[in-house]
Amino acid sequence: MRRLLAWIDDRTDLHGIVHGALFEPIPGGARWRYVWGSTLVFTFVVQVLTGLVLWMFYSPGAQSAWESVYFLERHIAGGWLLRGVHHYTAQAMVVLLAIHLAQVVIDGAYKAPREFNFWIGLLLMLVVLGLALTGYLLPWDQKGYWATKVATRIASSAPVAGPDMERLAVGGNDYGHYTLTRFFALHAGVLPATMVLLIAIHVALFRKHGVTPHSSRKPRPDGFFWPEQVLRDAVACLVIFGIVLALSVYLQPELGAPADGADNYAAARPEWYFLFLFQFLKFFKGHTGEVIGAIVIPTLILGFMFLMPLIGRSRLGHAICIAAIVVLLFGAAGLTVSALYDDYQARWFPSRDYSDVTSVLDEIDIDLRKSGDNSKFARLDEEQKLKVYFKDAPDKLTAFRSRLAGYRAYQASQEYLDAVALAHENAERAQQLAAQGIPPAGALSLLRNDPKTQGPRLFKQHCAACHDHGDSAGHGIVTPRPLELGKGEKTRPINPKQPDGLRAVPTGAPNLYGFGSREWLTGFLDPKRIAAAHFDEKTMLVTDAPYFGNTAHWNGEMVGVVKDRLADLDEDGAANLKKLIAALSAEAELQSQATLDAELDQQAAAKLAASADDAERRQKIIAFRTKALGRLECTECHKFHQSDEGGSAPDLTGYASRQWMIDFISNPAHSRFYPGKSNDRMPAFAPDAKKPDNNQLQPRELEMLVDWLRGEWYEPRQSSNPAATTAATQPTG
Amino acid sequence: MANPVPPSSPASAQTQLQRRNVLAAVAAGGLGLLAAVAGVVPGLNALIRPLLNEKPAGGKKVRVALLDAVPPDGVARSFPVIDERVDQWSRYPREKIGSVFLVRDSKDEPPRCFSATCPHLGCAVEYKPQQGEFRCPCHTSAFAQDGSVISGPSPRPLDTLEVEVRGDQVWVNYQKFRSVVEEKIPE
């Protein structure tokens, strides 16, 4: 063995190299304060190792990047840990870098003869920040996508070559496949290679000059790198690794929803270590401001840092450098805290009271609703409204303005928090859907075809102006509608006891939560609730109008029938009503009522011979349901599974079923539903069946909207969502 | 270089040798450098293509909404822009590629259209009906009903897009403009 070593040593001087590396003398002996450089090398090595393995799982591409990261995290044992360690070590690197830099400046280690090493160190810092920036995009999730988009837009604002630089980085006009391939090549190839080269020079130069002894300390005997300093370095590295592991386990990095360039993503923020730059940019206005804030000032600061070794030659210069680095670090910390405060103040101070502001704004709104165009606030912007409001007390206006600004900032924070919550929801949903297997069109197509995700958006966009979708507790999409006063046939008296008093123009439509279910129908056929509406003259709002109360049907034929025939029912009548509701609701074929409906059908087909086929069975069921409707004379006006009779009222065949709802929304004025004037202002969303492009809603949008209204969407088995206890089929299309 | 001419004197031989060395050094330096960077050329040549390719300018006319879906109440509403999209080798079928705001002030006027892309750094602005303002969730730029800047870092008003009413349909010339500059430069 020894001879073998001697043989190798003879040809390679291995012993000399190892000896040289380990027995580097340290003037003043090993110290804990010397560990920072080593921890940075350590974190870089961790990044290279974890990064190489991540590479083996990663697939750059707009339909595969998110998907491959998702698969690694959820389906490869330990994948989440691998990603967690890479994620948090990157952040550790930024922190260690700041410490290392501050220490080098404060200890004067940047001064002659170590200038070159300081400059190399600054270059290394830039490379690390470049790695952080490029890495953030690679999972191709919403937050990385939008944050990076802002970063490249900033680059595009640079004078002269800005736009070209952006296009080079992005690989085209817009974000896409080539943005990922380019960022990935930078992140895993160009930048690490540069880093290795720079670290080699950095360490070699460091070895040449040695540590910078602290002059103010008590002299201690000199020591060697091995083993005292190595021991300290190893302990420090392992402590850092421990912290990284703990963070990875207890605070797993989130994979957001897949990137969607067409989405209004309102939770875009850079990673926390760039927040100070983000906050800094809020102070600069216009193009010149942007260039100054995002490019000139950072470049000047960096330029100053490069000059530090020359400035620091004198005592005063050194003091200036120390002051500068302290100001920079504290400034960055201050900006970070201020950015976080802007975003999280509504969470940190949930009980902050702005009722003084909202009461003024409410007063203005109420006056606008009351007087419309005759209001003194009509057609004014906010500033003008306030001037009018404070006409008699202009001194209060300034104070109010600053309160209002505070309130708006608080609101913005609330909106940001809501956007973050929505982003979490979408992220989780995307992973739920992806767990079923991702089609070649990518995970985004899953989300875009998901009724649970798209339903509320479509509803808010197209329906919420008139309809609510809220449960009995008022949760959901619920909008109080302005109380519009008016005269004429279609208006209704605000106070039923004063039919000649103030009258309101109906401005709403039924609440569609649970539409077609037994519960919904029970309320609809309740004489007390069918035309109920609450008119609040104080706030000039209409609330609690769950059915026809806030529509032109408030005193229509149906309301009349319900009020006449269904009030004060005897026991038989009540039983018949219950049967009618069960039978009609079964037409909806809601999956949430499948068991109840099946019981009813069992009852209907009870007397059928065992040999009867499906058609016979179906016939029996329809006859049973028709009988239930007939008992309360519904079929006098409504069609129900017959082609020629009835018809002055909407067809109840397949009432509230998926197809019925699609047909209704497509064209409510169709002869099957509310032909001509009997349709109360509901637009036809897809009247042109031949050319869907001409319609407001596309076929798939209609399906998703209806599926969402019916509470039918894919939900994994152990669902905690009570709204969808049914296991809907995977959406297609 | 067979049979070199014998040097006439040792001194001139010295000069000749020196001259030859200088030539060799220049040639070696130049060619060596060329060899060192030769591999970069085909790479860069491909990489800079996005700069040389011509950009399709002027935007594209897209049907955005039914006129009836834009009530003449002066309130901004967001409408999705649905069109084909191409990303290198991928051609995406018609799907949402962005959104715009439509506002109609009166029944006799065509709607006005604002791009939803913030002129500052490209985030998507939202409309706050309560305040009658557009707001950007990123750097808190705020825009008035007419698109002008109320506060925040935006360098210019919200970008208006050309609107054309064809029958009962609203068409919009959908295009993007360069960020962070005061002028509206099509991208």
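Strands, cores and the A–B contact

Q: What is the bridge partner of Val103(B) in β4(B)?
A: Arg112(B) is the bridge partner of Val103(B) in β4(B). Strands here are DSSP runs of E of at least two residues and helices are runs of H or I of at least four, numbered from the N terminus. The model is predicted: local features need pLDDT of at least 70, side-chain atom pairs count only at pLDDT 80 or more, and totals for chains, interfaces and linings use all residues. Residues are numbered from 1 along each chain as its sequence is written, with chains lettered from A and ligands numbered from 1 in the order in which they are written.

Q: How many bridges for β3 and β4 of chain B?
A: Four, between β3 (residues 90-103) and β4 (residues 112-115) of chain B, in the antiparallel sense. Two strands count as paired if DSSP finds at least two bridges between them.

Q: And which residue is the partner of Cys113(B) in β9(B)?
A: Leu161(B). Strand β9 (residues 160-161) of chain B runs antiparallel to β4(B), joined by two bridges.

Q: What order do the strands take in the open sheet of chain B?
A: β5-β6-β7-β8, with antiparallel pairing. The edge strands are β5 (126-128) and β8 (149-151) of chain B, each pairing on one side only.

Q: What stands opposite Phe134(B) in β7(B)?
A: Phe143(B) does. Two bridges pair β6 (residues 133-135) with β7 (residues 142-143) in chain B.

Q: Switching to cores: which residues have the most contacts inside the largest nonpolar one?
A: Val100(B) and Leu102(B), in a core of 120 residues. A nonpolar core is a set of buried Ala, Val, Leu, Ile, Met, Phe, Trp, Tyr and Cys residues joined through C-beta atoms within 7 Å. Buried means 20 or more other C-beta atoms within 10 Å of the residue's own, with C-beta atoms placed from the backbone. Apart from that core lies another, of 19 residues, including Val46(A) and Met195(A).

Q: What is Leu102(B) in contact with, leaving aside neighbours within four places in sequence?
A: Its contacts include Val64(B), Phe79(B), Cys113(B) and Val170(B). Contact means C-beta atoms, placed from the backbone, within 7 Å.

Q: How many residues does each chain put into the A–B contact?
A: Chain A gives 42 residues and chain B gives 39 residues. On the side of chain A that touches chain B, the largest share, six residues, comes from α7(A).

Q: Which residues of α18(A) are buried?
A: Among them are Pro451(A), Gly455(A) and Leu458(A), in a helix of residues 451-462. Their cover includes α16, α17 (443-448) and α25 (699-709) of chain A.

Note on methods:
Buried ≥ 20, exposed ≤ 12 C-beta atoms within 10 Å, placed from the backbone. Contact = placed C-beta atoms within 7 Å.
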